[in-house]
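Please consider how the chain below is organised, from its overall contacts to individual residues.

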Amino acid sequence: MLELRPSCEGCSKSLPPNATDAMICTYTYTFCGVCALTTLRNVCPNCGGNFQHRPIRTRAQLVKHPARVERIPVSIDETAHASFFERYRDTPAAER
Ligand SMILES: [Zn+2]
Ligand SMILES: [Zn+2]
């Protein structure tokens, strides 16, 4: 099950389960659309992968499987991101 993290790990913007601008990488590191696509240019600073929009979870399902409450501290490892970006900037996501 996807972990629905409550906030952007780049700028702390709240990203509730119905947010349409929440984006995740394969490990569910979670960023807002601006951080994921503009700041990070679609390269995850934690794994080098790309981002996709996070699907919403319906209110009915949230009763059974609630979103995570504790926020993730804001932290982008600039050095790691620079390294991944250098490696993958010209590589389509499917070929990374
Ligand atoms: Zn953000
Ligand atoms: Zn990642």
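Among contacts in the protein chain between residues at least 6 apart in sequence, 59% join residues at least 24 apart; two residues are in contact if their C-beta atoms, placed from the backbone, lie within 7 Å. This is a predicted model, in which local features need pLDDT of at least 70 and side-chain atom pairs count only at pLDDT 80 or more, while totals for chains, interfaces and linings use all residues. Residues are numbered from 1 along each chain as its sequence is written, and chains are lettered from A and ligands numbered from 1 in the order in which they are written.

The protein chain contains three helices and three strands, where helices (H or I, at least four residues) and strands (E, at least two) are DSSP runs, numbered from the N terminus. Along the sequence these elements follow the pattern β-β-α-β-α-α. The radius of gyration of the protein chain is 14 Å, close to the 12 Å that the globule rule gives for 96 residues, so the chain is as compact as a globular protein of that length. That radius is taken over C-alpha atoms, and the globule rule is 2.2 Å times the number of residues to the power 0.38. Taken along the principal axes, the C-alpha atoms fill a box of roughly 40 × 25 × 20 Å.

The three strands form an open sheet in the order 2-1-3, with antiparallel pairing. Strand 2 (30–32) and strand 3 (52–53) stand at the edges, each with a single partner strand, so one side of each is left without a neighbour in the sheet. Two strands pair if DSSP finds at least two bridges between them; strand 1 and strand 2, which run antiparallel, are joined by three bridges. Within this sheet, Ile 24 stands opposite Thr 30 of strand 2.

Of the 96 residues, 28% count as buried, meaning that 20 or more other C-beta atoms lie within 10 Å of the residue's own, whereas exposed residues have 12 or fewer and partly exposed ones fall in between, with C-beta atoms placed from the backbone. In soluble globular proteins, nonpolar side chains tend to be buried together. Here the largest nonpolar core has 17 residues, and those with the most contacts inside it are Phe 31, Cys 32, Ala 36 and Phe 51. Strand 1, strand 2 and helix 1 (33–39) are the elements that give two or more residues to this core, and strand 1 gives the most, with three residues. Such a core is a set of buried Ala, Val, Leu, Ile, Met, Phe, Trp, Tyr and Cys residues joined through C-beta atoms within 7 Å.

Which residues does Phe 51 touch, not counting those up to four places away in sequence? They are Met 23, Ile 24, Cys 25, Phe 31, Ala 36, Asn 42 and Cys 44. Met 23 itself belongs to strand 1 and is buried, because 24 other C-beta atoms lie within 10 Å. Beyond its neighbours within four places in sequence, Met 23 is in contact with residues including Phe 31, Gly 33, Gln 52 and Arg 54.

Thr 28, in the loop between strand 1 and strand 2, has a phi near 65°, a positive value in a residue other than glycine. Thr 28 is partly exposed, with 13 other C-beta atoms within 10 Å. Arg 41, in the loop between helix 1 and strand 3, has a positive phi of about 50° although it is not a glycine. Arg 41 is exposed, with 11 other C-beta atoms within 10 Å.
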